[in-house]
Amino acid sequence: WILPAFLGAGLVRGKGGWLANVAALLAFAGMVTLPGMLITDWYASAIGHEYGLAGTQAVESYMESTMWGIAGFGIAAMAGFVIGVPLSVVALIRAGLVRWWTLLAVIVPLAALFASQGAVWGALLCAAGLLVYAWSLAGAVRKVTALGG
């Protein structure tokens, strides 16, 4: 989901350009911090394997209460998804490159994914939204290419 926010910044000129640049900045922050946030999953899995659920919960509680980096990685990574991607779509809409419903194709699946807590129905809805978003972006690229941009 984050990479298209970069594409949007390259497509939008004039009206909506500053929104596209802010979205790209958020996407960059998300892209570079997401691996740091995800590595904690590996550690939590290993701790759980060795020390059980109580050990995992104790370590995660300690890390969250004493280490700023965990929250920092999480906030920056999620900002790329939750704010950056929809903001890039708003910029594309303002530039006249995609239709208004493209924003729904991004917001509804993200909300469903969080609400479903990773359940299959949320993942399927997220994948469907990503396909619609990709289709809209392909149209935006064709428009910009036809304009000689």
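I take buried to mean under 20% relative accessible area, exposed over 50%, and partly exposed in between, computed with a 1.4 Å probe on protein chains only. With that settled, I looked up Leu137, which counts as buried because its relative accessibility is 6%.

**Ground rules.** I am working on a predicted model, where local features need pLDDT of at least 70 and side-chain atom pairs count only at pLDDT 80 or more, while totals for chains, interfaces and linings use all residues. Residues are numbered from 1 along each chain as its sequence is written, and side-chain values use heavy atoms, with hydrogens and water left out.

**Whole chain.** I noted 5 helices and 0 strands, where helices (H or I, at least four residues) and strands (E, at least two) are DSSP runs numbered from the N terminus. The C-alpha atoms fill a box of roughly 60 × 30 × 20 Å along the principal axes, and buried residues make up 37% of the 149 residues. Taking contact as heavy atoms within 4.5 Å, I recorded that 69% of the contacts between residues at least 6 apart in sequence join residues at least 24 apart.

**Leu137.** This residue is found in helix α5, and, leaving aside neighbours within four places in sequence, I found Leu137 in contact with Pro4, Leu7 and Leu92. I also checked Leu137 against Leu11, 126 residues apart along the chain, and their C-alpha atoms are separated by 9.5 Å.

**Helices α4 and α5.** I then turned to the packing of α4 and α5, whose axes are 8 Å apart at an angle of about 160 degrees; axes here are lines fitted to C-alpha atoms, for helices over the stretch in contact, and angles run from 0 to 180 degrees between N-to-C directions. Angles under 35 degrees count as roughly parallel, over 145 as roughly antiparallel, 65 to 115 as roughly perpendicular and the rest as oblique; α4 and α5 are therefore roughly antiparallel to each other.

**Aromatic pair.** Rings of Phe, Tyr and Trp (its six-membered ring) pair if their centres lie within 6.5 Å, with planes under 30 degrees apart counted as stacked, over 60 as edge-to-face and the rest as tilted. By this rule I counted 1 aromatic pair: Trp101 and Trp135 are stacked, at 5.8 Å centre to centre and with 20 degrees between the planes. The pair links distant parts of the chain, 34 residues apart, with Trp101 in α4 and Trp135 in α5 (residues 120-146). I noted Trp101 as partly exposed at 27% relative accessibility, whereas Trp135 is exposed at 56%.

**Ser116.** I looked next at Ser116 in α4 (residues 101-116), which is buried with a relative accessible area of 10%. A polar atom of the Ser116 side chain lies 3.2 Å from the backbone oxygen of Leu113. Beyond neighbours within four places in sequence, Ser116 is in contact with Trp121 and Gly122.

**Thr33.** My last entry is Thr33 in helix α2 (residues 17-66), which counts as buried at 14% relative accessibility. Setting aside neighbours within four places in sequence, I found Thr33 in contact with Phe73, Ala76 and Ala77; the C-alpha atoms of Thr33 and Phe73, 40 residues apart along the chain, are separated by 5.3 Å.

Notes. A polar contact is a pair of N or O atoms within 3.5 Å; within protein, one must be able to donate a hydrogen and the other to accept it, and residues adjacent in sequence count only if both atoms are side-chain atoms.
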